[in-house]
Amino acid sequence: MLSYDYENALRVGEVSFEDINGVDFTSAYSRLMEKLDNGVVGFRDVIYNENLDEYKFFNGYKNVVVVGMGGSILGTMAIYYAVSAFKNNAYFIDNSDPEKTLSILNKIDLNDSIIYIVSKSGNTLETLVNYYLIKKKIGKLNSFKGKIVFITNDGKLKREAEKNNYEILSIPENVPGRFSVFTAVGLAPLYSLGTDISKILKGAREMDKLCRNEDILKNPALLNGVIHYLYDKKGRDISVIMSYIESLRYFGEWCKQLIGESLGKRGEGITPLLSIGAKDQHSLLQLYMDGKKDKIITFIVPKKYRLDEEIVFEDIDDKEVCCMLSDIIKCEQEATEIALTNNGIPNVKITIDEVNEEALGALMYMYEMQVGFMGELYNLNTYNQPAVEGEKKICWELIKKCDRYGSK
Ligand code: PA5
């Protein structure tokens, strides 16, 4: 399903097995397991949900539109762009950029669309405004033949859904936004997008078996967490996720949010960066190789590319080479790995068989668990985001200065 190779992280010599054993990861492991066992956080429980039928009604629309921010949409985008992008017309409205939103809404036929409005709090400004824009556009139609589904628990959007008798799906209260991809938040839109959602959960469950292992060498989430924690303490606090397959770009975006918003607290945390191989070998690799010694790289590579073909070409010495296209990118990844290691830059590698639903389920669950473990290592609250609340308050105050504020 997925293999994890950490040897180059030790080979470069900055962190050793003794260092790993010196971290009290057993307590971190127990604290996270206790939280999961007692339902303090519910991101593990939801992968065992057998009742997927409630998400399976909403099929057969030409367009699937998902409106949400951060944890309410990034996981769906990660899985969609990885496994289903060629199957369906998906539109993600995940910003308050008028050009982006209007270019989508001016293009599609809302009468042939299922529209998911996703907001756990129900009060997120961008999602609220984008919903009102859609409502305005629907109001101009003679009759609306599409469908609107709200995935929300609370706030203004829940009241709006109830008032208009829209379908409402809810999110378990103990599952924070950025950990909610395996709830209705991800699974309902993904089902409409033609994704096999039971296979996603299957992958997550297989990974969960590994993540329950107390033996750190058999638990990739715990081991990767401890390695990144130790390197952070040595000044390598930038974690580069370098995917050698473009379809995982949004997995990287999801990961950045999960890591950044969960662990960036009280002066702690690691800074996640996303890179795409092989193209970033011609841009950021110089920095990774020879810049500040503050980075650790995680390669993500598939064994098999879903499209591949034999190629015959002449190399720079005019010698004929015959190989598969995938052999080229594999050589490039391996060369980068060797060069980084030779330069003393720590790196780890996650290998998946190929990009599919199971692999995405396993990969995303591994990162949820890793971040859960790391939060315990740093001894902070992984599941809140108090610092972003300040900006939200200021923004709502600024909104009050808009024309006609409070006239209704
Ligand atoms: O992880 C989180 O909690 C956040 O990224 C939220 O998902 C994001 O702010 C959107 O919140 P909501 O779902 O309440 O609209």
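1. His282 comes out as exposed, with 8 other C-beta atoms within 10 Å. (Buried is 20 or more other C-beta atoms within 10 Å, exposed is 12 or fewer, and partly exposed is in between, with C-beta atoms placed from the backbone.) This is a predicted model: local features need pLDDT of at least 70, side-chain atom pairs count only at pLDDT 80 or more, and totals for chains, interfaces and linings use all residues. Residues are numbered from 1 along each chain as its sequence is written.

2. His282 sits in the loop between β8 and α12. (Helices, H or I of at least four residues, and strands, E of at least two, are DSSP runs numbered from the N terminus.) Ala278 is in that stretch too, in the loop between β8 (271-276) and α12 (285-290).

3. An unreviewed UniProt entry lists Glu261, His282 and Lys392 under "active site". They span 132 residues in sequence and the farthest two C-alpha atoms are 38.2 Å apart, so they do not all gather at one spot. Lys392 is part of helix α15 and counts as exposed, with 12 C-beta neighbours inside 10 Å. UniProt annotations may be inferred rather than shown by experiment.

4. The unreviewed entry also gives residues 64-83 as "transmembrane region". How much of that span is helix, and how much strand? In the model residues 64-83 are 50% helix and 20% strand, and the end C-alpha atoms lie 15 Å apart.

5. Helix α6 (residues 125-139) checks out on length: at 1.5 Å a residue, its 15 residues should span 21 Å, and its end C-alpha atoms are 21 Å apart, which agrees. (The expected span is 1.5 Å times one less than the number of residues.) Which residues of α6 are buried? They are Thr127, Asn130, Tyr131 and Ile134. These cover an arc of only 105° around the axis, which puts them on the same side of α6. (The arc is taken over the directions from the helix axis to the C-beta atoms.) Turned away from that side, the other face of α6 carries exposed Tyr132, Lys136 and Gly139.

6. The buried side of α6 packs against β2 (63-67), β3 (89-93), α5 (98-105), β4 (113-119) and α7 (155-163). On the α5 side, Leu105 is worth a click: this α5 residue is in contact with Leu133, Ile134 and Lys137, leaving aside its neighbours within four places in sequence. Leu105 has 18 C-beta neighbours inside 10 Å, so it counts as partly exposed.

7. Around the ligand there are 14 residues, of which Gly70, Gly71, Ser121, Thr124 and Gly177 come nearest. (Near means a C-beta atom, placed from the backbone, within 6 Å.) By class the shell has 2 nonpolar, 9 polar and 3 charged residues. (Ala, Val, Leu, Ile, Met, Phe, Trp, Tyr, Cys and Pro are nonpolar; Asp, Glu, Lys and Arg are charged; the others, Gly among them, are polar.)

8. Two backbone notes. Asn165 has phi near 55°, positive in a residue other than glycine, and lies in the loop between α7 and β6 (167-169). Asn165 is exposed, with 7 other C-beta atoms within 10 Å. Arg404, not a glycine either, has a positive phi of about 60°. Arg404 is in the segment after α15 (386-399) and is exposed, with 6 other C-beta atoms within 10 Å.

Notes:
The expected span of a helix is 1.5 Å times one less than its number of residues. Two residues are in contact if their C-beta atoms, placed from the backbone, lie within 7 Å.
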